[in-house]
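Me: I would like to go through this structure and ask what lies behind the words used for it. Please set each value against its definition.

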Protein chains: 2
Amino acid sequence: MTATSSTTLENVDDVEVCVERLKLDDRDLIPVIAQDATTRAVLMLAWMNADAFRRTLATRRATYWSRSRQAYWVKGETSGHTQHVREMRLDCDGDTILLLVDQQGPACHTGARTCFDADVVFVDGEGSVDDRGPADA
Amino acid sequence: MTATSSTTLENVDDVEVCVERLKLDDRDLIPVIAQDATTRAVLMLAWMNADAFRRTLATRRATYWSRSRQAYWVKGETSGHTQHVREMRLDCDGDTILLLVDQQGPACHTGARTCFDADVVFVDGEGSVDDRGPADA
């Protein structure tokens, strides 16, 4: 993969080279972090197999593999809460994907903005980082 | 778990209630997203088992389970690039953890700021979201 920061989807000319770079787990899946491209909030973690990765590259709509339903899952196909992928990155050992997305509506099936909104284990004495607004705000 | 946004580490008084909420996978692990509490950059994805979770709660130093080394891994213990955990959240189905951390130095073992810096699959025509600086900047 020779993509650089100036790469656009249109010139990812060898998708299969990218696919071969993915280190899939023993279920042939890779975890995918979806982050809001504007607010930088971490929205959710989901999973892709190789074909969900290809579909996401081809459509720019985040497309995951549902482990519970054992089916492809175009995020927002039912709810309208789609994720348009503006940026896709792999981590240093190729076993995690990061998507920067334009999230339409809430990301969580509960209606929450993110899947991490409801269940706080602890927050330091200054209060939630999120409550303090975006970085540098 | 009845923690709220005003919860501090000191009053997470029933760690085992939190542990029981974790949905561990078939290897008894849970994926953990580490996000920079200041810049909001997603730094890395790592894994915890129940005891790494307990250790992180007790020390506030991000402590993972290394799948390759099959050992606990206090982030930065060797490199000095520690993660002080300011906030810990679970996702809506309890199978992913999000940490908001104060990252000392680079997060990636390669020396990069994050594990997602080097390997860009694609970026839309406007250039990297990250290159445009923090949200609202």
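Predicted model: local features only at pLDDT ≥ 70, side-chain atom pairs only at ≥ 80, totals over all residues.

Me: How many helices and strands does chain A have, and what makes a stretch count as one?

Reply: Chain A has 2 helices and 7 strands. Both are DSSP runs numbered from the N terminus: a helix is a run of H or I with at least four residues, a strand a run of E with at least two. Read from the N terminus, the order in chain A is α-β-β-α-β-β-β-β-β.

Me: What share of chain A is called buried, and what is the cut-off?

Reply: The share is 54% of the 137 residues of chain A. A residue is buried under 20% relative accessible area, exposed over 50% and partly exposed in between (1.4 Å probe, protein chains only).

Me: Which strands form the open sheet that begins with β2(A)?

Reply: The order is β2(A)-β1(A)-β6(A)-β5(A)-β7(B), 5 strands with mixed pairing. Its edge strands are β2 (42-48) of chain A and β7 (119-123) of chain B, since each pairs on one side only. From one strand to the next, the twist averages 25°.

Me: How do you know that β5 of chain A pairs with β7(B)?

Reply: Two strands pair if DSSP finds at least two bridges between them. Strand β5 (residues 83-90) of chain A is joined to β7(B) by 4 bridges, and the two run antiparallel.

Me: What holds paired strands together in general?

Reply: Strands of a sheet pair through backbone hydrogen bonds, either parallel or antiparallel.

Me: Which strands make up the open sheet that begins with β7(A)?

Reply: This sheet of 5 strands has the order β7(A)-β5(B)-β6(B)-β1(B)-β2(B), again with mixed pairing. At its edges are β7 (119-123) of chain A and β2 (42-48) of chain B. β7(A) and β5(B) are antiparallel, with 4 bridges, and A:Val123 stands opposite B:Glu87.

Me: What links β5(B) to β6(B)?

Reply: They pair in the antiparallel sense over 7 bridges. Among the partners are B:Leu90 with B:Ile97 and B:Met88 with B:Leu99. The two strands form a hairpin with 6 residues between them, and B:Gly94 in the turn has a positive phi of about 70°.

Me: Why is β5(B) called largely enclosed?

Reply: Because 7 of its 8 residues are buried, β5(B) is largely enclosed by the rest of the structure.

Me: Why is the pair of A:Tyr64 and A:Trp73 called tilted?

Reply: Rings of Phe, Tyr and Trp (its six-membered ring) pair if their centres lie within 6.5 Å; planes under 30 degrees apart count as stacked, over 60 as edge-to-face and the rest as tilted. These two rings are 5.2 Å apart centre to centre with 50° between the planes, so they are a tilted pair. A:Tyr64 is buried at 0% relative accessibility, whereas A:Trp73, at 26%, is partly exposed.

Me: Why is the pair of A:Trp65 and A:Tyr72 called edge-to-face?

Reply: Their planes are 75° apart and their centres 4.9 Å apart, so the pair falls in the edge-to-face class. A:Trp65 is buried at 15%, and A:Tyr72 is partly exposed at 29%.

Me: How do you know that a charge sits over the ring of A:Tyr72?

Reply: The rule asks for NZ of Lys or CZ of Arg within 6 Å of the ring centre and within 35 degrees of the ring normal. The charged end of A:Arg55 is 3.7 Å from the centre of the A:Tyr72 ring and sits over it. Likewise, the charged end of A:Arg27 sits over the ring of A:Trp47, 4.7 Å from its centre.

Me: Why is B:Thr82 called buried, and where is it found?

Reply: Its relative accessible area is 18%, so B:Thr82 counts as buried. B:Thr82 is found in the loop between β4 (71-74) and β5 (83-90) of chain B. Leaving aside neighbours within four places in sequence, its contacts (heavy atoms within 4.5 Å) include B:Arg61, B:Lys75 and B:Asp102.

Notes:
Residues numbered from 1 in each chain as written. Chains lettered and ligands numbered in written order. Heavy atoms only, no water. Axes fitted to C-alpha atoms, helices over the stretch in contact; angles between N-to-C directions.
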